[in-house]
Amino acid sequence: MDSIDEFTKLVRKYRDDRNWKQFHGPKDDMIAMLSEVGELSEHFKWRRDNELTEYINTHKKEIGEELCDVLFWILLMSYDYKIDIKKMFPEKMKKNEKKYPVEKYKGKHTGKI
């Protein structure tokens with residue numbers, strides 16, 4: 001299993017097998033995703049840069065699980081709201097490339113995505 005479509009089917013089946021769609025409106029989905037982002041951020045909170053490398057190396061599984069929880073909501077929301085992220089992601093990256101050209105931003109952190 002390695003495609004966005006396959007992951008999306010898995011996420012939909014998980015939700016639909018539990019009859020949870022009734023609880024998944026746009027506001028609720030966004031709050032759920034933000035909650036998962038918050039859980040991910042807990043791994044980084046209060047750790048100094050010199051501590052993070054070791055922490056990340058020893059907690060990859062836990063961090064990965066939180067990333068998967070965030071991805072769950074991205075996939076479910078994009079499906080429910082009929083947003084083709086497979087098409088949009090490359091387009092958005094091209095837009096970012098134009099907005100932040102390498103020759104102007106390489107090695108600088110003054111730009112934002």
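Me: Where does His 43 lie, and between which helices?
Reply: His 43 sits in the loop between helix 2 (26-42) and helix 3 (49-58). Helices here are DSSP runs of H or I with at least four residues, strands are E runs of at least two, and both are numbered from the N terminus. The model is predicted: local features need pLDDT of at least 70, side-chain atom pairs count only at pLDDT 80 or more, and totals for chains, interfaces and linings use all residues. Residues are numbered from 1 along each chain as its sequence is written, and side-chain values use heavy atoms, with hydrogens and water left out.

Me: Why is His 43 called buried?
Reply: Buried means under 20% relative accessible area, exposed over 50%, partly exposed in between (1.4 Å probe, protein chains only). His 43 has 11% relative accessibility, so it counts as buried.

Me: Which residues are in contact with His 43, leaving aside its neighbours within four places in sequence?
Reply: Contact means heavy atoms within 4.5 Å. On that basis His 43 touches Leu 52, Tyr 55, Glu 62, Ile 63 and Glu 66.

Me: What makes Met 77 buried?
Reply: Its relative accessible area is 11%, so Met 77 is buried. Met 77 belongs to helix 4. Beyond neighbours within four places in sequence, Met 77 contacts Asp 29, Met 30 and Met 33.

Me: How many Å separate the C-alpha atoms of Met 77 and Glu 66?
Reply: The separation is 17 Å, for two residues 11 apart along the chain.

Me: What is the secondary structure of the chain?
Reply: The chain has 6 helices and 0 strands. Why is it called more spread out than a compact globule? The radius of gyration is taken over C-alpha atoms, and the globule rule is 2.2 Å times the number of residues to the power 0.38. For 113 residues the rule gives 13 Å; the chain has 17 Å, well over that, so it is more spread out than a compact globule. The C-alpha atoms fill a box of roughly 45 × 35 × 30 Å along the principal axes.

Me: What share of the 113 residues counts as buried?
Reply: The share is 21%. Among contacts between residues at least 6 apart in sequence, 59% join residues at least 24 apart.

Me: How do you know where confidence is highest and lowest?
Reply: pLDDT is the predictor's confidence in each residue, from 0 to 100. Helix 4 (residues 60-80) has the highest mean, 98, and helix 6 (residues 102-105) the lowest, 92. The chain mean is 94, and 96% of its residues reach 70 or more.
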